[in-house]
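Hello,

Here is the structure I promised to hand over. Please open it first, then read my notes below.

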Amino acid sequence: MTLPRFKSITFLLLAFIFVLACDSAEDKKGRFLLKGNEKLNENDLNGAIEFYTEALKIDPDYFDALYNRGILFQRLNRFDQAVSDFSSILEQNPGQVDALFQRGLTFLDDGAYYKALDDANALAKSDPNNWKNHFLVGLVNEKLGNHDKAIAAFDKGLKLNRKNSDLLVNKATILYYKKDYSAAIKLLEEAGQVNPEEANIYNLRSMIAFENNNYQEALSWVERAIGINAGESYFYNNRGLYNLFLGNYESGLSDINLSIKQNPKNVYALRNKGIYYFFKGEKELALRYLKEAFDKNPEMEMVDDFYRKAQSL
C-alpha cells in the first residue's frame, strides 16, 4: 500500500516543480521586460535593449520584448535589426498592425521606400479607417516625390482625425515643397493650436522664412524647435545654414558638423558644409562636399547653384 502512495506523492511533487519552473520562466522574462522599461525611462536605450534581449532568450516570440526592442533599434538607426524584430512579430501574427506600421516607418527611415510603400498600402487596405495608415502612405509618397498622392493620403487621414498635428504638419510640408507658403503657414497655425509642443511646426516655419530671405526670423523659429526637441539633427543643420547666411560662419559649421555626427546620411548637411567652405573661399573643399551632395541628390535646392559658384572661386 505504501508504494502507490509514494508514487502519487512523487508525481504531485514533480508536477509542482514543473509548475514552479513554468512560472519561474514566465516571471523571469517579465522581470527582464520591466528592467528594460526602467532603463528606457532612464533614457538608457542600449541598457534597455540588453534586458529585452535577455527576455527574448527565454521566449524568442515574446511580443512586448520584440516590439520594444524593435522601436529602440529604429531610434538608434539600427534599421536591419529593427526590421528583423518587427518581421519576427509578423511571422507569428501577419495581422499585427502596430508591427507592420513600425516596420513601414523603419523601411522609410532606411531609404527602402518601395518596401515601406508595400507595408503602407497593406495597412491602408486592411484598415482604411485608421488615420495612421494613410499617414504612412503619405510619408512614403512624400519621399518618392509623389506630392499629389501624398496630399491625397494626408487628406484621407485628416478626414478621420482633423485635430492631428502630424497630418497637418506633413501636409504643410508638401505645400512648402510646392512653394505654396501661405497655405502651408495656415496649416501650421492650425497645428500649433492643436499641439503647440510639436517642434516640426517651428522648424517648417523657419524653412519658409529662409525661403523668403528672412534669415533672422528663420533662426528664431528654428531656435524654438530646438528648445522643444534638442535631439533632432535636421534642426541643427538648418540652424547652421541660417547662421551661414547671417555671416556667423563658425557657429554655422559647428551645428552642421553636429548634424552630420548625429545622422551621417543627411545629405543636406553635406551641402551646407560645402556652402560653408564656399563662403570661406576654400574652393577645393567646397567643391568636394557640394559634388558629394549633388551626386546623392541632384534635385536638392541650392546644391547646383553653389557648385557652379564654387567653380568660379
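**Salt bridges**

Lys57 and Glu54 form a salt bridge, with their closest N and O atoms 2.9 Å apart. Keep in mind that the model is predicted. Both residues sit in helix H2 (residues 45-58). They are three residues apart, which is about one turn of the helix. Lys57 counts as exposed, at 59% relative accessibility. Glu54 is partly exposed, with a relative accessible area of 28%.

The structure holds 19 salt bridges. I picked out two others to go with that one.

Lys171 forms a salt bridge with Asp155. Here the closest N and O atoms are 2.7 Å apart. This pair links distant parts of the chain. Lys171 belongs to helix H9 (residues 165-177), and Asp155 belongs to helix H8 (residues 147-160). The two residues are 16 residues apart. Is Lys171 buried or exposed? Lys171 is buried, because its relative accessible area is 16% and the cut-off for buried is under 20%. Asp155 is partly exposed, with a relative accessible area of 26%.

Lys309 forms a salt bridge with Asp305, the closest N and O atoms lying 3.4 Å apart. Helix H17 (residues 303-311) holds both of them. They are four residues apart, again about one turn of the helix. Lys309 is partly exposed, at 37% relative accessibility. Asp305 is also partly exposed, at 30%. Which residues do salt bridges with shared partners join into one network here? The network is made of Asp304, Asp305, Arg308 and Lys309.

**Helix H11 and its packing**

Next, look at helix H11 (residues 199-211). It packs against helix H13 (residues 233-245) at an angle of about 25°. Their axes are 11 Å apart. H11 is therefore roughly parallel to H13, since angles under 35 degrees count as roughly parallel. The crossing of H11 with H13 is left-handed.

Which residues make this contact? From H11 come Ala199, Asn200, Asn203, Ser206, Met207 and Phe210. From H13 come Phe235, Asn238, Leu241, Tyr242 and Phe245. By class, the contact of H11 with H13 has seven nonpolar residues, four polar and no charged.

H11 also packs with helix H12 (residues 215-228). The angle between H11 and H12 is about 165°, and their axes are 8 Å apart. H11 and H12 are therefore roughly antiparallel to each other, because angles over 145 degrees count that way. H11 and H12 make a left-handed crossing.

On the H11 side, the contact uses Ala199, Tyr202, Asn203, Arg205, Ser206, Ala209 and Phe210. On the H12 side, it uses Tyr215, Glu217, Ala218, Trp221, Val222, Arg224, Ala225 and Ile228. How many of the residues in the contact of H11 with H12 are charged? Three are charged, alongside 10 nonpolar and two polar.

**A buried asparagine**

Asn141 is buried, with a relative accessible area of 6%. What does Asn141 touch, not counting residues up to four places away in sequence? Asn141 touches Leu117, Asn146, Lys149 and Ala150.

Best wishes

Note on methods
Residues are numbered from 1 along each chain as its sequence is written. This is a predicted model: local features need pLDDT of at least 70, side-chain atom pairs count only at pLDDT 80 or more; totals for chains, interfaces and linings use all residues. Side-chain values use heavy atoms; hydrogens and water are left out. A salt bridge is a side-chain nitrogen of Lys or Arg within 4 Å of a carboxyl oxygen of Asp or Glu. Buried means under 20% relative accessible area, exposed over 50%, partly exposed in between (1.4 Å probe, protein chains only). Axes are lines fitted to C-alpha atoms, for helices over the stretch in contact, and angles run from 0 to 180 degrees between N-to-C directions. Angles under 35 degrees count as roughly parallel, over 145 as roughly antiparallel, 65 to 115 as roughly perpendicular and the rest as oblique. A crossing is left-handed if the near helix is turned anticlockwise from the far one by less than a right angle, and right-handed if clockwise. Contact means heavy atoms within 4.5 Å. Ala, Val, Leu, Ile, Met, Phe, Trp, Tyr, Cys and Pro count as nonpolar, Asp, Glu, Lys and Arg as charged, and the others, Gly among them, as polar.
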